[in-house]
Amino acid sequence: MEHNAALAERMVAAYLFGTTIAVPEGEDVGGTFQSTPLCRAAEQTGCLVTYSSWRDREPPDSDARFGDTGDPITTPYYSMPDFVQGECVDRDGHQYLEISVMADPEDPRADDFNGDFRGGIGWGLHLVDVSLAIGNLIELAESQGAAWLAAQD
């Protein structure tokens, strides 16, 4: 997209989960991508959405493969009712979606979930990055799609 203006013009948004997209502090472009900005609003188009997720009890450390961009996070919370909650955090030099399990022995659902990548160090919840926020992502895609279509008129 970066090198093809016709394609970039048709891009609603790019969703690049489980990776790190770097931008200079206070900017939306200029690091990993030179002309494709980070999305800052649900109605913004031609931009990209990215995050990596980690358990609250196992945050990224010096071996982390994702989440170290040096930029502040301004996105809000999301939750799966009474089971999993996520918060975008900036801790110890890493920016990531921190996932907390709210286990309840009275709830018939399991008290935890799988998703940790155990094939190596520093991957966090890479296996479930999309699944954890799918409801929010669908809402975002609907908003961005509607905004893109409205701009075509």
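A patch is built from residues with over 30% relative accessible area and no salt bridge, joining like charges within 9 Å and nonpolar side chains (Val, Leu, Ile, Met, Phe, Trp, Tyr) within 5 Å. Val-130, Ile-134 and Ile-138 make up one such nonpolar patch on the surface. The structure is a predicted model: local features need pLDDT of at least 70, side-chain atom pairs count only at pLDDT 80 or more, and totals for chains, interfaces and linings use all residues. Residues are numbered from 1 along each chain as its sequence is written, and side-chain values use heavy atoms, with hydrogens and water left out.

**Overall layout**

- The chain has 3 helices and 6 strands. Helices (H or I, at least four residues) and strands (E, at least two) are DSSP runs, numbered from the N terminus.
- Read from the N terminus, the order of elements is α-β-β-β-β-β-β-α-α.
- Of the chain's 153 residues, 31% count as buried. Buried means under 20% relative accessible area, exposed means over 50%, and partly exposed lies in between (1.4 Å probe, protein chains only).
- Residues 24 or more positions apart supply 58% of the contacts in the chain with a separation of 6 or more. A contact means heavy atoms within 4.5 Å.
- Accessible areas come from the Shrake-Rupley method with a 1.4 Å probe, and for residues only the protein chains shown count as cover.

**Strand pairing**

- Strands count as paired if DSSP finds at least two bridges between them.
- S5 (residues 84-91) and S6 pair in the antiparallel sense, over 8 bridges. Val-84 has Val-101 as its bridge partner in S6.
- S5 and S6 form a hairpin with 2 residues between them. In the turn, Asp-92 has a positive phi of about 50 degrees.
- S6 also pairs with S3, in the parallel sense and over 3 bridges. Here Arg-55 has Ile-99 as its bridge partner in S6.
- S6 is mostly covered, with 6 of its 8 residues buried.
- In a regular strand, side chains alternate between the two faces of the sheet.

**Salt bridges**

- Side chains of opposite charge can pair when their charged atoms come close.
- A salt bridge is a side-chain nitrogen of Lys or Arg within 4 Å of a carboxyl oxygen of Asp or Glu. By this rule there are 4 salt bridges.
- One of them joins Asp-28 and Arg-40, whose closest N and O atoms are 2.8 Å apart. Both residues lie in the loop between S1 and S2, 12 residues apart.
- Asp-28 is partly exposed at 27% relative accessible area. Arg-40 is partly exposed too, at 45%.
- Arg-55 and Asp-112 meet in another salt bridge, at 2.9 Å from N to O. Arg-55 lies in strand S3 and Asp-112 in the loop between strand S6 (94-101) and helix H2 (129-132), so the pair ties together parts 57 residues apart in sequence.
- Arg-55 is buried, with a relative accessible area of 3%. Asp-112 is partly exposed, at 32%.
- Glu-98 and Arg-91 also meet in a salt bridge, at 2.4 Å from N to O. Glu-98 counts as buried at 11% relative accessibility, while Arg-91 counts as partly exposed at 35%.
- Salt bridges with shared partners join Arg-55, Arg-57 and Asp-112 into one network.

**Aromatic cluster**

- Rings of Phe, Tyr and Trp (its six-membered ring) pair if their centres lie within 6.5 Å; planes under 30 degrees apart count as stacked, over 60 as edge-to-face and the rest as tilted. The count comes to 2 aromatic pairs.
- The rings of Tyr-15 and Phe-17 have centres 5.9 Å apart and planes at 50 degrees, so this pair is tilted.
- The rings of Phe-17 and Tyr-51 have centres 5.1 Å apart and planes at 50 degrees, so this pair is tilted.
- Phe-17 lies in the loop between strand S1 (13-15) and strand S2 (47-49), and Tyr-51 in the loop between S2 and strand S3 (53-55), so the pair ties together parts 34 residues apart in sequence.
- Tyr-15, Phe-17 and Tyr-51 form one aromatic cluster.
- Tyr-15 is partly exposed at 27% relative accessible area, and Phe-17 is partly exposed at 22%. Tyr-51 counts as buried, at 13%.

**Nonpolar surface patch**

- Val-130, Ile-134 and Ile-138 together have about 230 Å² of accessible area.
- Ile-134 lies in helix H3 (residues 134-152). Ile-134 counts as partly exposed, at 41% relative accessibility.
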